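Thanks for opening this one up with me.

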Amino acid sequence: MRIALFVTCLADTLFPAAATATVRLLERLGHEVVFPEDQTCCGQMHVNIGYPDEALRLVRRHVRVFAPYDVVVAPSGSCVGSVRHQHATVARRAGDERLASRAEEVAARTYELSELLVDVLGVTDVGAYYPHRVTYHPTCHSLRVLRVGDRPLRLLREVRGLDLVELPQAEQCCGFGGTFALKNADTSMAMLADKMRNVLATRADVCTAGDASCLMHIGGGLSRLRTGVRTVHLAEILASTEAGARGVGRDVAGVAR
Amino acid sequence: MPATAPPGVGHLRGDEPFPAAARRALGDAQLRRNLRHATTTIRGKSGAVIDEVPDWPELRAAARAIKTDTMARLPELLVQLEAAVTEAGGTVHWAADAVEANRIVTELVRVAGADRVMKVKSMATQEIGLNEALEAAGIEPVETDLAELIVQLGRDRPSHILVPAIHRNRAEIREIFLRAMPGVDPGLTDEPAALAAAARRHLRETFLSTRVAVSGANFAVAETGTLAVVESEGNGRMCLTLPETLITVMGIEKVLPTWRDLEVFLQLLPRASTGERMNPYTSMWTGVTPGDGPQAFHLVLLDNGRSAVLADEVGRQALHCIRCSACLNVCPVYERTGGHAYGSVYPGPIGAVLSPQLTGVADNASLPYASSLCGACYDACPVMIDIPSILVHLRAEAPHPRAEAAAMAAAAYTMDHPALYAAAQRAARLSRLAGPRGRGLPPPLSGWTAGRDLPEPPPQTFRQWWAER
């Protein structure tokens, strides 16, 4: 299958490992990945902070760039959530009904990684190998906006060598929330403290999720505490193989130090 | 555009923005323990009884449909309600705002010749600051709901819609009673039963000697003119049945078209709010009945900004709220900051959308941002109010800091020009500029580095990697 990668601005700029892993994983499964280079950002940040008018040009760009593709994937629950639930609203707010309906068409063909793997490609065993103790944090937008449910867990359970441990109070927000982490830094930190306590209680080596943004927040906190627990995007775990692990010795994680 | 709630009266605005108020609350370890314990307990109870109901999703959808229909023809339903209440021997008053509502109630109490009123727990009267208005007129209001009584005796403010004293534990409540309850037993313990018994003794005298009561309303039925209050303690029923005069202050959004519509809400409300299968006391009254109960009944229909909310296509669903507080109990922000940080009698997620709409967003500009948009509130809401979408909608209406607006416009422009965007990516060596782990960042970015390290910038962006492969 020919699959267009919507890399997301955050993964492109700060967490390319999540995106390169998505490419390697899909190619390993026998699919063709294309990267439309005119893409930039879905505009979620603008919409969520209160700038829908400024977001309009980004929605227009996103729709134009991805309209030609039958299947689009992003390694981010929150960006797919924005495409699915905000783009048409932004267009309608600006009175552009034609853009709104085109946005809805693109949204219907856009999938978060675990949705693409399980629902579209019909696979839960992706042939991955990852010999670590791992806990999974279901990010709010994957969980409640996209309703990815247990798809990521079904994928993780099939990974060879992986010891999956349940995260206590998993469905509680980690406190990232985009600029919430800046505008309400104290409250965000209080939420993060509880999330980190729960992650540490699992005694996992790795905390994974489907959103680089939440992992940046959790990983940044864990790093400051010198816990040694790493945050690794779900795509990187699923892209890891036994051959790769024995290979160049590169840290496939590369998210937090 | 209809008028918003006037400033200077009532309790819809805080003295400071949410982040500042939240910071103080976060520093109070006892408060955080009390809140965590209480919200965790209510969440557990509520979740269990909701799981028992096989048609919960259908009930929620029915509630939303009834509320949407009600809002679409609110004026005609209110006129119908007025006619039915009048027909049944009651008197209806229309109050455009808090000032008018307080004046109407104060005047009615004076006409009844009373200098004390007993109160049924009511959010509407908290919203308009009725107690303060009555006190200013020389009338003593006595709260009869146990938690409201604790707040009143403690000279405190409510911090939760359903459990106004949620921020207090029983040791603190004992201290308040010993300090402020007249004639209390000095040997009072902090056993819940002992505390409740002390409150009962205190209130019994009030019930038997007060001639005027003031209530709110959970629901009003337009076709019959029936008012309804649901409660757990029975103190409300004492107020609704014993006095000579009953005055009900009701937000105009509380009306329902038909008696039958109550069925849906009486199933949803107790399970979503207190985690009970059915609330212990459901009191309904229609006008007056000669020789039985209050012989004078007044209904004050309160707008106080509600028409302005109704005029907003996205925001109007906030008027669907039945004040169950389920959104507060699941909100991770509320759980850590408590209700006072929101500055309004409506705290938590619903307060973050309702308060700014009632006052005008400029008066409560920090509240739409008092959420991480995690969406737990939407999932918990028994009437399916899409709170995250209203939050985002209100953020677009809120006044923006000039520097932020300029940065966001520049970012949008850059992101709409891929070559410029790629150049900006390469320049974004933020953490290199900021020193080790980004600890030298200026505000507002310093909020991030107070407790989190910045990610190491990767050697190349994804698009560079793609171009080179």
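Predicted model: local features only at pLDDT ≥ 70, side-chain atom pairs only at ≥ 80, totals over all residues.

**Notes for a first look**

1. N304(B), which is not a glycine, has a positive phi near 50°. You will find N304(B) in the loop between β10 (296–302) and α13 of chain B. Is N304(B) buried or exposed? With a relative accessibility of 2%, N304(B) counts as buried.

2. Next, turn to E335(B), which has two arginine partners worth checking in turn. With R36(B), E335(B) forms a salt bridge whose closest N and O atoms are 3.8 Å apart. R36(B) belongs to helix α2 (residues 29–51) of chain B and E335(B) to helix α15 (residues 332–337) of chain B, so the pair links parts that are 299 residues apart in sequence. With R43(B), the side chain of E335(B) meets in a salt bridge at 3.0 Å, N to O. R43(B) also lies in helix α2 of chain B, so this pair ties together parts that are 292 residues apart in sequence.

3. How accessible are the members of this trio? E335(B) is buried, at 4% relative accessibility. R36(B) is partly exposed, with a relative accessible area of 32%, and R43(B) is partly exposed too, at 24%. As background, side chains of opposite charge can pair when their charged atoms come close.

4. Now follow the charges across to the other chain. R336(B) and D194(A) meet through their side chains in a salt bridge of 2.7 Å, N to O. Which residues are linked in a network of salt bridges here? They are D194(A), R197(A), R36(B), R43(B), E335(B) and R336(B). Over all chains, a search of the whole structure finds 40 salt bridges.

5. In chain B, 64 residues are in contact with 64 residues of chain A. The two chains bury about 5,800 Å² between them, with 55% of it on carbon and sulfur atoms. Eleven salt bridges are found across the interface of chain B and chain A, along with 34 residue pairs in polar contact. On the side of chain B that touches chain A, helix α19 (residues 402–415) of chain B gives the most, with eight residues. That side of chain B divides into 34 nonpolar, twelve polar and 18 charged residues.

6. An unreviewed UniProt entry lists "domain: Cysteine-rich" for residues 3–82 and 134–218 of chain A. Residues 3–82 of chain A are 56% helix and 11% strand, and the end C-alpha atoms of that span lie 19 Å apart. For residues 134–218 of chain A, the chain is 48% helix and 12% strand, with end C-alpha atoms 14 Å apart.

7. Two residues of chain A make handy stops. S78(A) is placed in helix α5 (residues 77–85) of chain A and counts as buried, at 11% relative accessibility. Its side chain makes a polar contact with the side chain of Q44(A) at 2.8 Å. Leaving out residues up to four places away in sequence, S78(A) touches Q44(A), H141(A) and D211(A).

8. The other stop is E158(A), in the loop between α10 (151–157) and β6 (163–165) of chain A. E158(A) is partly exposed, with a relative accessible area of 34%. The C-alpha atoms of E158(A) and G127(A) are separated by 7.8 Å, with the two residues 31 apart along the chain.

Conventions. Residues numbered from 1 in each chain as written. Chains lettered and ligands numbered in written order. Heavy atoms only, no water. Contact = heavy atoms within 4.5 Å. Buried area = accessible area lost by both parts, 1.4 Å probe. Salt bridge = Lys/Arg side-chain N within 4 Å of Asp/Glu carboxyl O. Polar contact = N/O pair within 3.5 Å; in protein donor to acceptor, adjacent residues only side chain to side chain. Helix = DSSP H or I, 4+ residues; strand = E, 2+ residues; numbered from the N terminus. Nonpolar A, V, L, I, M, F, W, Y, C, P; charged D, E, K, R; others polar. Buried < 20%, exposed > 50% of the residue type's maximum accessible area, 1.4 Å probe, protein only. UniProt positions renumbered as here; feature names shortened; annotations may be inferred.
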